[in-house]
Amino acid sequence: MAQIELSGIERTFTLGDSEVHALDKVSLRIEAGEYVAVMGPSGSGKSTLLNLLGLLDRPDAGHYLLEGRDVTTLSADEQATVRRARIGFVFQSFHLVPRLTAAENVALPLMLAGVPAHERTPRVARALKDFGLQARADHRPEELSGGQRQRVAIARATIMQPAVLLADEPTGNLDRHTGEEVTALLEALNADGTTLIVVTHDPAMGGRARRRLMMEDGALRQDLRAGAATSPTAAPT
Amino acid sequence: MTSADTLRFAARAALGYPLRTSLMVLAMAIGVAAVVVLTALGDGARRYVVGEFASLGANLIIVLPGRNETGGVNAGSFVTSTPRDLTVSDATALLRAPLVSRIAPLSVGNSEISVGGKLRDVMVLGTNADYIDIRQYHMAQGQFLPREELGRASAVAVIGDKIRRELFGATAAVGRMIRVGDNRLRIIGVLAPAGQGLGMSTDELVIVPVATAQAMFNTNTLFRIMVEARHRDALAPAQKQLEDILRARREGELDVTLITQDAVLGTFDRILGALTLGVAGIAAISLAVAGILVMNVMLVAVTQRTGEIGLLKALGATGRDIRLAFLSEAALLSIAGALVGYGLGHLGAWGIRLAYPVLPAWPPNWAVAAGLGTALGTGLLFGVLPARRASRLDPVQALAKR
Ligand SMILES: Nc1ncnc2c1ncn2[C@@H]1O[C@H](COP(=O)(O)OP(=O)(O)OP(=O)(O)O)[C@@H](O)[C@H]1O
Ligand SMILES: [Mg+2]
């Protein structure tokens, strides 16, 4: 059983009287622990696919089995529960709550899951330490650099130890060096077994993934699996 | 999400926008403060009036000359131009009514009191021995007027406490002679200090036998007659008996007015009831305005925090979590406003009490409870719509917004 199984997924947006097929008959299997890059030109449906995988959006047709369970038929609140427990999101624009400190931002998923405060504190402290943020725990997002913000966001996305980590252009707002650091962080999480699905425009970053999905006009054009050494840009550690 | 976390989250959100929050709290506070102050004023006035008339005694009937207040037009109104005066013999006649236990005729005038070179204006009240029991006053020293025939003008006087202090200071007053107008009178008693009582305080009064007062002011009319019924239930039949006696003594024409405490209190109750209604109206309006403000502010908050709502949903918040968070925020703002308003209102009531010490301007408990309750109620009520809007936001679009 694949961790993620999409079959015949369609997503259509209606703008006035024109229809946009953001996703057109997408079928896809992703196994647990995979590292997938989703690539393609702007407007090809990458974000739409990621939102769908993260249960933020519903397909107009087709089925989505997450860990063998058809999640398209779940109610909004049931989807929220699944999202909370199994899925982590990382966004291009970080999406930190500006009035909360780094530690409080990281604690948000635990709070939403109803974990009591005294259990949250040590878990958040450990997560902040893992991402080298212990000195920034009480800083607000505006007092952090872009790279630090994205690290806070990743700490938040992984605090519930999700099975799948979804990242939509996570390095899009970062300079090259910081972007590489963030990429390395995500890859380390993947190495620990988390499925990693990254949307990226950066061929270098895409090249590091073991599997690349090339999208165009809402359809999957190519599904490239890197052989052990096919990618010359890989891993310049 | 636990309720403690929901509350904490809502509080952080409210504190995150201090200007918005303080304006909001202020609006709610003004509404609640208005309720507290206005009801304190209204209830203070009511308590003042009730207190004043309650001190009159519950089974009292006051007879005054002239048919002006409750009567209306009758045949006699056209015959006589001036009403007949009340006299001491009227007062004596009233004692014949079986349901009347005692009476006190009242004759009032202003004069000068002098003793040992000290001179002072005083109000002189002519009455009889029963007056002290009817009004439930108490003696500090000596005794009240002697029990004697109403026609006897004994040269005695009972003085109020303030008069005693001003004229005699620390020396004994009872037994001393004073001059009131042209009369030399012997002080036989001093009233216990009383404080306020229906306009005139007994502390500044000189009380003499009714005949003495009438001689002093060269009149044979009475200002008022106070009649005490045997018990409270006998008030209405006693009033009837009095009317019959007086009518018989005035060739069938009742040109006097009879007032009971109940009638007076009833009138004031109606007036003050209307006042309270007005207060409730103002309160309702100001709180409704505050409620609409809460809604507006919360709707702005939802728009402002669209991205945050999208994020919370992406992190696994259910619609209920979001709804409760925003509803709690509205509730917290309302509670804060209500509490601040409660404080401000009490401050205002305190100010009123300071400015008008006779007015017991304390907000009644029901008004405070209603004010706080309504504030919270409107806050929640008007918070529902924004909260629902927030919980129904589409997460993808919410996230796309920055
Ligand atoms: N809410 C929406 N309403 C209407 N059309 C939409 C909506 N969201 C996406 N689309 C359309 O769907 C298509 C796919 O959009 P999507 O955001 O998935 O593209 P993308 O591959 O992520 O592009 P980019 O690389 O620029 O982020 C686009 O043509 C877009 O205009
Ligand atoms: Mg996109």
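Reader: How many Å² do chain B and chain A bury between them?

Author: First, this is a predicted model, where local features need pLDDT of at least 70, side-chain atom pairs count only at pLDDT 80 or more, and totals for chains, interfaces and linings use all residues. Residues are numbered from 1 along each chain as its sequence is written, chains are lettered from A and ligands numbered from 1 in the order written, and side-chain values use heavy atoms, leaving out hydrogens and water. Buried area is the accessible area (1.4 Å probe) that two parts lose on being put together, summed over both. Carbon and sulfur atoms carry 60% of it here, and the total is about 2300 Å².

Reader: Which residues of chain B lose the most area to chain A?

Author: Contact means heavy atoms within 4.5 Å, and 28 residues of chain B touch 24 residues of chain A that way. Three of chain B's residues together make up 26% of what that side buries: Arg12(B), Leu311(B) and Leu315(B).

Reader: Which side chain meets Arg120(A) in a salt bridge?

Author: A salt bridge puts a side-chain nitrogen of Lys or Arg within 4 Å of a carboxyl oxygen of Asp or Glu. The count between chain B and chain A is three. For Arg120(A), at 2.7 Å from N to O, the partner is Asp5(B).

Reader: Which residues of α4(A) does α3(A) meet?

Author: From α3(A), the residues taking part are Ala103(A), Val106(A), Ala107(A), Leu110(A) and Met111(A). On the α4(A) side, they meet Arg120(A), Arg123(A), Val124(A), Ala127(A) and Leu128(A).

Notes: Helices (H or I, at least four residues) and strands (E, at least two) are DSSP runs, numbered from the N terminus.
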